[in-house]
Amino acid sequence: MTTLLQINASINNSNGQSSQLANQFVAAFHKRHPEAKIIVRDIAADEPVPHLTAERFGAFITKPEERSDTQLAVVAYSDMLINELKQADVIVLGLPMYNFGVPSQLKAYFDHIARAGITFKYTDKGPVGQLTGKKVYVFAARGGVYAGTPMDTQTSHVRDFLRFLGMADVQFVYAEGLAISPQSKEAGLAKAAAEIERLAA
Ligand SMILES: Cc1cc2nc3c(=O)[nH]c(=O)nc-3n(C[C@H](O)[C@H](O)[C@H](O)COP(=O)(O)O)c2cc1C
């Protein structure tokens with residue numbers, strides 16, 4: 001059975017444009033794969049991932065048998081996020097752009113799923129990602145227009161991070177120009193919707 005994990009990273013919950021684009025794709029995917037198991041995780045509005053601190057990172061690198069109860073809880077939370085990813089064959093990420101980057105909660109999520117020895121391993125040939133065999137779709141919503149220009153550092157950050165963990169098959173869909181004018185918003189959303197139809201077909 002196919003498992004799809006939808007990760008929403010908008011501070012606007014399901015009203016976020018990125019969440020809505022992700023929803024559109026997931027609905028189309030579910031139509032084509034009615035047997036698929038769909039898991040939705042809202043990492044920004046419903047259940048914000050806490051920022052990584054020295055204490056939290058310390059829990060990751062403390063030997064399992066030496067962890068305090070607090071550290072065990074921190075590791076259990078990170079393990080839960082990682083296991084959800086491991087289970088998924090398809091990952092759908094709703095990705096808003098805030099201040100040229102990813103939402104800070106998504107960065108915090110990345111900080112909780114990048115675990116040496118678990119989601120990546122250091123080898124003679126450098127780090128090797130362990131979360132392989134997955135297809136990732138990213139639905140990026142932006143007020144301005146940056147895709148394909150040097151100002152779009154968000155795309156390379158997300159792509160590089162996912163590849164580092166072993167997820168190299170990543171498809172981006174952009175809805176851009178959402179804050180420029182009503183016409184540009186409409187055009188940006190229509191272009192993304194057409195792309196979603198094409199991908200889901
Ligand atoms: C705090 C904040 C910062 C933003 N920064 C940018 C930005 O740097 N570049 C941009 O193109 N749009 C920016 N926007 C516009 C958002 O990308 C746009 O509203 C998008 O729809 C956000 O995704 P969401 O609707 O899923 O939350 C910003 C919006 C907010 C609320």
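Helices here are DSSP runs of H or I with at least four residues, numbered from the N terminus. I start with that because my first entry concerns a helix. The model is a predicted one.

**Entry 1: Glu84**

I looked up Glu84 and found it in helix α3, which spans residues 69-87. Is Glu84 buried or exposed? Buried means under 20% relative accessible area. Glu84 has 9% relative accessibility, so I note it as buried.

**Entry 2: strand β3**

Next I went to β3, residues 90-96. How many residues of β3 are buried? I get 7 of the 7, so the strand is largely enclosed by the rest of the structure. I then sorted the side chains by direction. Val90, Val92, Gly94 and Pro96 point one way from β3. Ile91, Leu93 and Leu95 point the other way. Both sets are buried.

I looked for the strands that pair with β3. With β1 it runs parallel, and 5 bridges join the two. Which residue stands opposite Leu93 of β3? I find Ile7 there. With β6 the pairing is again in the parallel sense, over 7 bridges. I noted two positions in that pairing. Ile91 stands opposite Val136 in β6. Leu95 has Ala140 of β6 as its bridge partner.

**Entry 3: strand β6**

I moved on to β6, residues 135-141. How many of its residues are buried? The count is 6 of 7, and I note the strand as mostly covered. Phe139 is found in this strand. Its relative accessible area is 0%, so Phe139 is buried. I checked Phe139 against Asn15, which is 124 residues away along the chain. Their C-alpha atoms are separated by 14 Å.

Strand β7 covers residues 169-175 and pairs with β6 in the parallel sense over 7 bridges. Within this pairing, Tyr137 stands opposite Gln171 in β7. I followed the chain from β6 to β7 and passed through helix α5, residues 153-164. This β-α-β crossover is right-handed.

**Entry 4: the ligand**

I turned to the ligand and its surroundings. Which residues come nearest? Of the 16 residues around the ligand, I list Ser10, Ser18, Met97, Tyr98 and Gly144 as the nearest. By type, the shell divides into 7 nonpolar, 8 polar and 1 charged.

- Ser18 places a polar side-chain atom 2.5 Å from an oxygen atom of the ligand.
- Gly144 has a polar backbone atom 2.7 Å from an oxygen atom of the ligand.
- Phe100 has a backbone N or O atom 2.8 Å from an oxygen atom of the ligand.

How much of the ligand does the protein cover? On its own, the ligand has 620 Å² of accessible area, and the protein covers 73% of it.

**Entry 5: Ser10**

Ser10 was on my list of residues that come nearest to the ligand, and I went back to it. Where is Ser10 found? It sits in the loop between β1 (3-8) and α1 (17-32). Its relative accessible area is 2%, so I record Ser10 as buried. I then followed its side chain, which reaches the backbone nitrogen of Asn12 at 2.8 Å.

My last check was on backbone angles. Most residues other than glycine have a negative phi. Asn99 is not a glycine, yet its phi is positive, at about 50°. I place Asn99 in the loop between β3 and α4 (104-113). Is Asn99 buried or exposed? Its relative accessible area is 78%, so Asn99 is exposed.

I find Phe100 in the loop between β3 and α4. With a relative accessible area of 43%, Phe100 is partly exposed. The ligand entry applies here too: a backbone N or O atom of Phe100 lies 2.8 Å from a ligand oxygen atom.

Notes
Residues numbered from 1 in each chain as written. Predicted model: local features only at pLDDT ≥ 70, side-chain atom pairs only at ≥ 80, totals over all residues. Heavy atoms only, no water. Buried < 20%, exposed > 50% of the residue type's maximum accessible area, 1.4 Å probe, protein only. Pairing = 2+ DSSP bridges. Right-handed = clockwise from strand over helix to strand, strands pointing away. Near = heavy atom within 4 Å. Polar contact = N/O pair within 3.5 Å; in protein donor to acceptor, adjacent residues only side chain to side chain. Areas by Shrake-Rupley, 256 points an atom, 1.4 Å probe, with all protein chains shown as cover. Nonpolar A, V, L, I, M, F, W, Y, C, P; charged D, E, K, R; others polar.
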